Amino acid sequence: MVARADFEHSDGASGAEVRFTGRLTLARLGDVPARLDALGAIATLDLSAIDRIDTVGAWIVTRTAKEHGSQVVGASAEAERLLDALASDKSEYRVHRDRRPAWMRMLEQVGTASVAIWHELLGIIGFFGAMIVALVTQIRARRRLRWNAIVTRFQTVGVDALPIIGLMSFLIGIVIAQQGAVQLEQFGLEVFTINLVGRASIRELGLLMTAIMVAGRSGSAFAAQIGTMKLTEEVDAMRTIGVSPMEAIVLPRVAASTITMPLLGFYASLCAIAGGGLFCWVGLDIPPLTYIQRLREIIPMTDFWIMLIKAPVFGVLIGVTGCYEGMQVRQNAEEVGQRTTSAVVAAIFLVIVLDAMFAVFFSSLGWN
Amino acid sequence: MAEETDIEIREELAAADAVRPEKFERAICIRGLKNQFGDAVIHDGLDLDVRSGEILGVVGGSGTGKSVLMRSIIGLQTPAAGEIEVYGKTLDTIADEEESRDLRRRWGVMFQGGALFSTLSVAENIQVPLREYYPRLDANLLDEIAAYKVEMVGLPPDAGPKYPAELSGGMVKRAGLARALALDPALLFLDEPTAGLDPIGAAKFDELIRELADTMGLTVFLITHDLDTLYATCDRVAVLAEKKVIAVGTIPELLATEHPWIQDYFNGPRGRAAAGGNQTARAR
């Protein structure tokens, strides 16, 4: 059994004389500090009877000695070394950050976040401008576009995404048809489910869902890839060799997402219509031929054009946001994760904001 | 010849044990250790003793399993065969959770990259082991301990509230060391403490390790590539090669062996430079 730290004290002329016993170590400290504090004035601290001492024990002794101006006696060579090491002034060593009132910190956070969002927006716009300049320079200098790089991205952004986007859109088509049918049945108008599925898919949902999926799959991948390339100084190496990172890294990715988006969007709309058609056939007894016939009557060509106009814009947006965030990585691996997250969040948010603006715009044009 | 020296050194050790058969004459005692990943055998029949109170440097070429050896000792890697005793206890066979915690409390580990918890400040990092083992410790005392540990490892006064991302490489290492020392361990494991530091920073770190080991009476298990560190801090050096420890001893003892790797290591251009630098430093 190892003796725990303890002390006995006797009152002297100028204060208590404290004699420590046992192990004055972190593990055996017990209530010694609290009892010491309760003691009042202390004249001497006697270490001659202790078994062992570690830095925590030495710290307690140093602290008490400093507080009461007491003398330390009977320290072994080992204890003396520890006491010496701890003797210097620690008062300027800080442990916590400055604490301000909660409301102030909250205001500050809101302010910092707002400024950060504003800078981010400016950054993305600036990056877009820089990319356009790079594109124009490339065309002017009659350098060939990097078709190989672009086509490689087609594979990852487009072809590889087909199964997941197809399945998702198909299921969403079923859900819209089913939910719409429940409501429309109350008026005996379940045949209008076809209008709902057809127009919503072509005009809005097919493309919007695709954009969200591409932002999550490819926008994040762009940010992570480029961020890692920044960390390993690949991007800097490129610059020193004289290859423009804008041309070699950013343009192919943005081009790929821009060209792929309309194709994916159209494909997603078809899948959603197929899903809705399946539900109409099984749930509402509308045969596929009637379904298709009806679709041709009710979907105006303008819906199709609206989708085709919006799609490349969303594609540019997702590509630019992903590449911009990737390029912002500066110091450490942790930042790659943060930037990837913000690439996805910013891309989805901007896509939805733009989509709302497009909706208002096209309605004003009378493309209803 | 190399093996002879090895045996010699072992005999000397056994003699030392026989003379003073105190319980913890040897902090770590490894016998017949075997580690393997799939078909790749890293260690086979490795024996090593770390004496209490010494700084033992562990050297070896890349891929000789220096870090794996450390990980086996501290229980992060279960060996395929062999026995590892730390202060007379084997981690594998400790059934009692309390006893295993008690053993873990006696050592501190500084990982190569610092391995600081990135969401906690330096001071909070130092307090993690303290809070874990002594949950009822007074909050003020906790802060005071963190503050003096920050000072002990030579960090600046404003380092405590900073987060690992805000620190330079050298400061991260010092903060890692402070956390390793949080519980006042008897045994300290350092994995490549000076890797990635500039020569001045590395020299200061060597000095710090030596100083702390002397003040706190530490036993140090130090993995390194840095010849200067070996000369400046280590009492003895263990050489890892051919899946085992081929020699243990002071640097002059190792120099007397004829194992080609040891000769290349200490008598290569860098080895000579480090030896020369150390002599001039001592002369001063």
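In chain A, strands E1(A) and E2(A) form a hairpin with two residues between them, where strands (E, at least two residues) and helices (H or I, at least four residues) are DSSP runs numbered from the N terminus. This is a predicted model, in which local features need pLDDT of at least 70 and side-chain atom pairs count only at pLDDT 80 or more, while totals for chains, interfaces and linings use all residues. Residues are numbered from 1 along each chain as its sequence is written, and chains are lettered from A and ligands numbered from 1 in the order in which they are written.

Gly12(A) has Gly15(A) of E2(A) as its bridge partner.

Two packed helices are described by the angle between their axes and the distance between the axes. Here the axes are lines fitted to C-alpha atoms, for helices over the stretch in contact, and angles run from 0 to 180 degrees between N-to-C directions. Helix H2 (residues 55-68) and helix H3 (residues 77-86) of chain A pack at an angle of about 65 degrees, with their axes 9 Å apart. H2(A) and H3(A) are therefore roughly perpendicular to each other, given that 65 to 115 degrees counts as roughly perpendicular, under 35 as roughly parallel, over 145 as roughly antiparallel and the rest as oblique. The crossing of H2(A) past H3(A) is right-handed, a term used if the near helix is turned clockwise from the far one by less than a right angle, with anticlockwise giving left-handed. On the H2(A) side the contact is made by Thr55(A), Ala58(A), Trp59(A), Val61(A) and Thr62(A), and on the H3(A) side by Ala79(A), Leu82(A), Leu83(A) and Leu86(A); residues are in contact if their C-beta atoms, placed from the backbone, lie within 7 Å. This contact of H2(A) with H3(A) has seven nonpolar, two polar and no charged residues, where Ala, Val, Leu, Ile, Met, Phe, Trp, Tyr, Cys and Pro count as nonpolar, Asp, Glu, Lys and Arg as charged, and the others, Gly among them, as polar.

Helix H7 (residues 193-231) of chain A takes part in two further pairs. The axes of helix H6 (residues 162-185) of chain A and H7(A) come within 10 Å and cross at roughly 145 degrees, and this crossing is right-handed. Among the residues that meet there are Ile164(A), Met168(A) and Ile172(A) in H6(A) and Leu196(A), Val197(A) and Met209(A) in H7(A), and the contact of H6(A) with H7(A) divides into 14 nonpolar, seven polar and no charged residues. With helix H10 (residues 288-298) of chain A, the axis of H7(A) comes within 10 Å and crosses at roughly 65 degrees, again in a right-handed crossing. Here Ile194(A), Asn195(A), Gly198(A) and Arg199(A) in H7(A) meet Tyr291(A), Arg294(A), Leu295(A) and Ile298(A) in H10(A), and the contact of H7(A) with H10(A) has four nonpolar, two polar and two charged residues.

Chain B contains an open sheet of six strands in the order E5-E6-E7-E3-E8-E9, with mixed pairing. Strands E5 (107-110) and E9 (244-249) of chain B stand at the edges with a single partner strand each, so one side of each is left without a neighbour in the sheet. Within this sheet, E6 (residues 187-191) and E7 (residues 219-223) of chain B run parallel and are joined by five bridges, and Leu188(B) stands opposite Val220(B) in E7(B). Helix H2 (residues 66-73) of chain B packs on the sheet, touching E3 (55-60), E6, E7 and E8 (236-241) of chain B, and its direction makes about 145 degrees with that of E7(B).

A second open sheet in chain B has three strands in the order E2-E1-E4, with antiparallel pairing. H2(B) lies across E1, E2 and E4 of chain B as well, running at about 115 degrees to E1(B).

Finally, the chains meet: 24 residues of chain B are in contact with 23 residues of chain A. The largest share of the chain B side, 10 residues, comes from H5(B), and by class the side of chain B that touches chain A has 14 nonpolar, four polar and six charged residues. As for confidence, the model scores ipTM 0.76 and pTM 0.70.

Definitions and conventions: Contact = placed C-beta atoms within 7 Å. Pairing = 2+ DSSP bridges.
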